[in-house]
Structure formats: C-alpha cells, structure tokens
Amino acid sequence: GGGFGGAPGEPSTPVPGHGAGLSYCPPSMARQGSGAMLASGGLGFPPQNLARVVVWEWLNEHGRWRPYSAAVCHHIENVLKEDARGSVVLGQVDVQLAPYIIDLQSMHQFRQDTGTMRPVRRNFYDPSSAPGKGIVWEWENDNNSWTPYDMDICITIQNAYEKQHPWLDLSSLGFCYLIYFSSMSQMNRQTQRKRRLRRRMDLAYPLTIGSIPKSQSWPVGTSTGTPCSCPQCLLVNSTRAASNAILASQRRKLYPGAVRQSSTFAGAALWPTGTGTVAVAGGTAKGEGLRVPGGAFAPSQSVSGGAPLTGLNNLNQPGTQRGAGLGARATVPPGVPALPVKNLNGTGPVHPALAGMTGILMCAAGLPVCLTRAPKPILHPPPVSKSDIKPVPGVNGICRKTKKKHLKKSKTPEDVVRRYIQKVKNPPDEDCTICMERLVTSSGYEGVLSHRGIKPELVGKLGKCGHMYHLLCLLAMYNNGNKDGSLQCPTCKAIYGEKTGTQPPGKMEFHLIPHSLPGYTDSKTIRIVYDIPTGIQGPEHPNPGKKFTARGFPRHCYLPDNEKGRKVLKLLIVAWDRRLIFTIGTSNTTGESDTVVWNEIHHKTEFGSNLTGHGYPDPNYLDNVLAELLAQGVSEANLKD
C-alpha cells in the first residue's frame with residue numbers, strides 16, 4: 001500500500017482491534033528499533049504541578065499505539081476521576097466503539113464479541129502540541145475516508161507545518177513517507193504512490209495538572225527509564241485462540257459437576273451491573289458483575305462441595321496461599337485458581353493476556369476466580385561487599401567520564417559532505433529522495449540554503465552505499481543534525497565517519513559482582529552504573545540554555561559475564577564515549593520534557609526477574625543489543641582500533 005493503511009482485508013475505520021497499521025520502511029530504510037513504541041501498562045502521571053495533555057492510546061497488532069479520539073479520551077478521564085479501578089464503556093460516547101470496554105484495573109481494552117484484549121496506556125503530551133490545540137492530521141485511505149495519524153506522527157507533522165517547512169521526511173520515525181504541505185499530500189518513497197492528507201480542527205484533548213494519588217496509579221509500569229520498542233515490551237498478542245482453547249477445556253473438565261450460587265464474586269470489574277467482592281491479597285475490594293455477550297448477567301458460582309478444579313488449580317498456587325496468609329478479609333475458597341492478571345508485562349506462570357481472558361471467561365461460565373497482585377520485580381542483586389567487587393576481565397579500567405561536547409573545528413559542513421561523496425557528472429533521471437526533485441534538475445533547497453560555492457545542480461554519490469543526492473540536499477540534512485563530522489545515508493542508514501550523540505556529561509562505572517542472572521547460572525554478573533546529574537542544555541540539545549532534569553540516576557544495568565556479555569560491555573563503553581547511550585528529550589513514562597532519556601540502545605535494569613520486560617532470562621537480548629549498537633555505527637571493528 002502507498003499510505004499508512006491497514007493490512008489487506010482490514011476495515012477502513014480504525015476502531016480498536018482493527019486499527020490502521022503503518023507502512024514501515026524495511027530494515028534497510030528505517031533505523032533499527034525506531035518503528036514501534038511500547039509502554040508498560042499503568043495510568044501514569046505527569047510531574048507535580050505540570051500541565052499535560054492526556055491522550056489514551058491502544059496497541060494494535062502492528063505494535064503501534066493508536067490514539068482514541070478527543071471525545072473518547074474526555075469520557076475515559078471522567079470515568080477515571082470517579083473510579084480509577086473501574087471500567088469504561090466506549091460505546092457510550094462513540095457508537096462505532098460499542099463492542100469495546102476498557103478495564104482501568106488491568107489497563108486493557110476488551111472486545112466483547114471476539115474476546116480480543118489489547119493493552120491501553122495513558123500518554124502525556126505538551127499542551128502546545130497538536131492534541132492540546134485540537135488539531136488532527138489525517139490521510140485518505142483506499143475507501144476515500146480519512147484516518148488519523150498516530151499521535152507522535154501528528155505532532156511531528158504539526159511542528160513542521162507551524163515552522164512553514166515545505167516538506168517533511170518521516171524516515172526518522174521509521175516510515176518511508178514524505179509529506180508535502182504545498183500539495184497537502186503524502187508520498188510513499190518506495191512505491192511513489194501519493195495520498196491526500198488534511199488538517200482539521202477537533203475537540204482539544206483533556207488537560208491534567210499534577211499527579212493522581214498513588215493508590216490510583218497502578219498497575220505500576222516500568223520504573224527505570226523510558227519505555228522502549230523492544231519485542232518483549234510489545235504486548236501485541238490477540239487472545240482469540242487462547243479463549244477458544246479455554247472454553248473447550250472448560251466444557252470438558254469443569255462442567256461435569258453440579259454448580260451452586262456463591263456469595264464470593266472474584267471476577268474482573270468490566271460492566272457495572274451487579275456487585276460483589278474481589279478476593280485480593282491483603283484485603284477486599286468491591287467488584288462488579290460481568291455481562292456476557294448474550295446479555296445475561298453471570299453471577300459468581302463455585303463447584304458444588306468445593307471440589308478441586310483439576311488442571312487449573314496450579315495456575316498460581318502460591319498466589320492463593322499468599323492471599324489467605326496475608327489476612328485477606330475475603331476468603332478464597334479451596335480450589336479457586338489465582339490468576340496474576342496484574343502482571344501485565346511479566347513472564348509469570350500464565351501469560352498475562354491469557355490470565356485476563358481466563359478470568360473473564362471463567363466468570364462468564366460461573367466459576368470463581370481470585371485476582372492477585374503481581375509479584376514485585378527483583379531490580380537489584382543481594383548486597384555486595386567492596387572486597388567482592390572485581391574488574392571485568394579483558395576490559396580496561398572501571399570507570400568512564402564524559403564531559404561537554406568537543407566541537408571539531410576546521411571542518412565546515414561543506415568539507416564534511418565533500419569528504420564522503422564522489423561527484424556524478426551525468427546523474428540518472430531519478431528522484432533525489434531528500435528534496436524529491438529529479439537529480440537532473442536543481443535541488444529543492446536552491447534559494448533556501450546559502451550554499452557557499454556548492455551549485456544547486458551538483459549531484460554526489462555516497463562512497464560505501466552508492467546512493468545519490470544533490471550536494472545541497474546533503475548539506476541541508478547535515479546542518480539539521482548533530483553536525484559532528486559524520487553523515488548517515490537517509491535511504492539505507494549507512495554511517496559515514498564516527499556518529500556521535502548528544503548525551504549530557506556523566507559517569508559510567510562497570511565491575512563484576514559474584515551473583516548470577518536468571519538464564520546464566522554458570523556466570524557472574526557485570527554491573528554497569530550510569531550516573532548523570534542535572535545541568536544546562538547545550539547548543540546540540542532541544543532547548544539550549546534551559547535546565548534539564550535527570551530522573552532515576554544512578555541507573556543500574558546488568559550483563560552476563562561471558563564472552564558475548566563482555567563484548568557488549570566493550571561496545572557500550574564505545575557508545576558511551578560517543579555520547580550515544582542517553583539523550584535529552586521527553587519521557588514516555590511521565591511525559592516530562594527536557595529530561596535525560598534512553599537513546600535506542602536497550603539495557604537490562606531488572607536483575608533477578610523479568611516482570612517489566614527489562615530483565616532476564618532473555619536469550620535474544622545480547623544479539624539484539626549488538627544489532628542496535630551496529631545501527632548506531634558501533635561495531636567490533638571499533639574494538640580493534
């Protein structure tokens with residue numbers, strides 16, 4: 001497809017669960033890890049006394065967070081104020097969303113007719129951005145109706161529009177599209193297909209100030225750093241197949257015995273009909289009945305005589321014992337399975353989406369369920385004495401410091417561009433993918449950029465990859481970047497020179513501790529400690545001269561002490577020296593701007609578990625982070641220098 005369209009056969013209306021996907025750049029066209037954005041569940045909250053626009057979003061099957069409309073977000077916020085653990089019936093505000101319910105307790109959207117569950121999140125944006133002004137950017141789909149862009153793309157388009165840029169390249173967000181404001185069109189850089197786009201005014205998204213009470217801010221998401229786009233963070237799995245299997249299993253195993261009414265209701269609070277009590281470790285909470293698709297209210301029931309539920313009782317047996325042992329006032333009947341549905345990002349005994357669907361279906365079938373809180377992640381190892389801390393074998397030193405950026409003098413932008421290109425005397429009759437003018441004509445930047453001797457019709461070919469552009473276009477691209485003496489091909493992302501970042505000054509320590517990570521029981525552990533203080537932004541940062549914050553430091557990260565783990569450490573040291581580990585931007589966790597955030601090289605910050613998705617075991621992590629380092633121009637070749 002030539003647009004940000006859904007998969008073939010999807011309806012054009014991007015209702016939750018059938019959302020419009022995005023046409024991604026293939027790996028050769030998009031920077032690694034930049035396509036999808038994840039976030040752990042949780043209501044989240046903005047910094048104290050800081051106004052933020054609230055946008056509720058749901059995760060589609062392509063791993064993209066899709067925004068609900070402003071009207072729907074106002075409705076969700078109103079329900080949230082009344083009951084932070086309740087449910088939101090979306091059909092009350094948008095008839096197209098009639099099958100959908102949001103369960104604020106589990107931060108999932110539930111589709112009643114199919115049983116599909118999808119994660120939702122409460123995201124924050126600056127009040128001056130597009131959602132705060134009620135501005136919506138949309139593209140025309142194949143059915144001649146209009147589909148809104150993802151919110152991060154909408155904000156990027158609006159920012160470029162306000163700055164009166166003639167065009168916008170979305171490849172930095174991982175998509176092969178160019179936006180032309182003069183013709184109000186979007187073009188796919190691979191297929192050259194064009195679609196219309198439009199800008200319209202709508203209701204502004206809701207505004208919030210300060211934080212919500214801690215008691216209302218769960219389920220707690222990751223507490224260390226910016227949410228990332230790595231595979232383990234993306235809960236994109238539909239539960240339709242799981243629900244069918246559960247129903248089949250229930251028919252076979254659970255219906256032979258007689259059932260009787262029970263006063264204990266322990267189901268998910270998804271539809272405000274009847275009330276009951278949810279059995280939660282540590283106390284009781286009022287729950288609400290569940291209306292099944294047929295419209296009949298299914299009260300809680302238990303197996304006659306308290307007979308054990310064979311095959312399901314072992315789903316989370318320790319959770320059941322914990323609920324009874326911690327003085328929970330609502331008794332958990334014997335044989336009631338405890339489902340850890342709060343463990344939305346974890347790797348517990350049951351997949352979280354499966355656990356949630358199991359709970360819903362068992363309630364609908366009249367079976368009791370005990371919802372338990374998730375176990376807490378093990379973020380740090382046991383205490384380690386100074387005498388047990390050792391240097392990492394084969395790695396020089398135990399600490400690296402970075403200072404302010406050293407600007408490389410005597411290298412003008414023209415010198416940098418000329419260094420990496422070869423002039424092309426007879427260019428082909430193709431588009432320059434930066435300005436989208438033909439290579440045989442002048443650059444689209446003619447008259448826009450003072451070119452100091454570079455003629456607008458000059459064309460150059462990059463040495464390693466061979467892609468061709470107007471010299472003036474490469475110069476404009478370089479001036480719009482970090483200006484560090486390196487170039488990155490906008491088509492294939494090949495890096496020329498040494499790419500550096502905008503990481504603020506700080507300290508990186510690394511050493512060996514005598515404990516093992518899950519999955520690496522035969523190895524000790526490499527611990528990395530990053531520490532960055534608050535400071536003032538430099539000229540390379542978003543708001544030069546303005547203060548930036550540094551939340552959550554020092555940050556502790558972990559690698560296995562084996563050959564590949566030590567190689568990753570050495571490359572992370574190179575990335576640190578090049579200022580690529582962190583940057584200054586807006587936190588997707590809190591919505592705070594001008595703060596230190598991770599910069600596309602993922603780290604493991606959870607030592608003894610993997611509940612947040614940033615821990616172990618994760619057999620693919622070391623290979624994934626090596627690929628992310630390579631995408632930043634950090635490879636094994638750098639270790640031989």
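Two strands are taken to pair if DSSP finds at least two bridges between them. Helices (H or I, at least four residues) and strands (E, at least two) are DSSP runs, numbered from the N terminus. The views show a predicted model, in which local features need pLDDT of at least 70 and side-chain atom pairs count only at pLDDT 80 or more, whereas totals for chains, interfaces and linings use all residues. Residues are numbered from 1 along each chain as its sequence is written, and side-chain values use heavy atoms, with hydrogens and water left out.

**View A. Pairing of strands β28 and β29.** Seven bridges join β28 (residues 506–513) to β29 (residues 525–531) in the antiparallel sense. Within this pairing, Met508 has Tyr530 of β29 as its bridge partner.

View B. Four antiparallel strands form an open sheet in the order β22-β28-β29-β32. Its edge strands, β22 (399–402) and β32 (555–560), each pair on one side only. Neighbouring strands are turned against each other by 20° on average, direction ignored. Helix α9 (residues 563–577) lies across β22, β28, β29 and β32 and runs at about 170° to β28. Axes are lines fitted to C-alpha atoms, for helices over the stretch in contact (heavy atoms within 4.5 Å), and angles run from 0 to 180 degrees between N-to-C directions.

View C. With a disulfide defined as a pair of cysteine sulfur atoms within 2.5 Å, the count is zero. The sulfur of Cys435 has its closest cysteine sulfur in Cys473, at 3.6 Å, which is too far for a bond. Cys435 is buried at 6% relative accessibility, and Cys154 is buried at 3% relative accessible area. Buried means under 20% relative accessible area, exposed over 50%, and partly exposed in between (1.4 Å probe, protein chains only).
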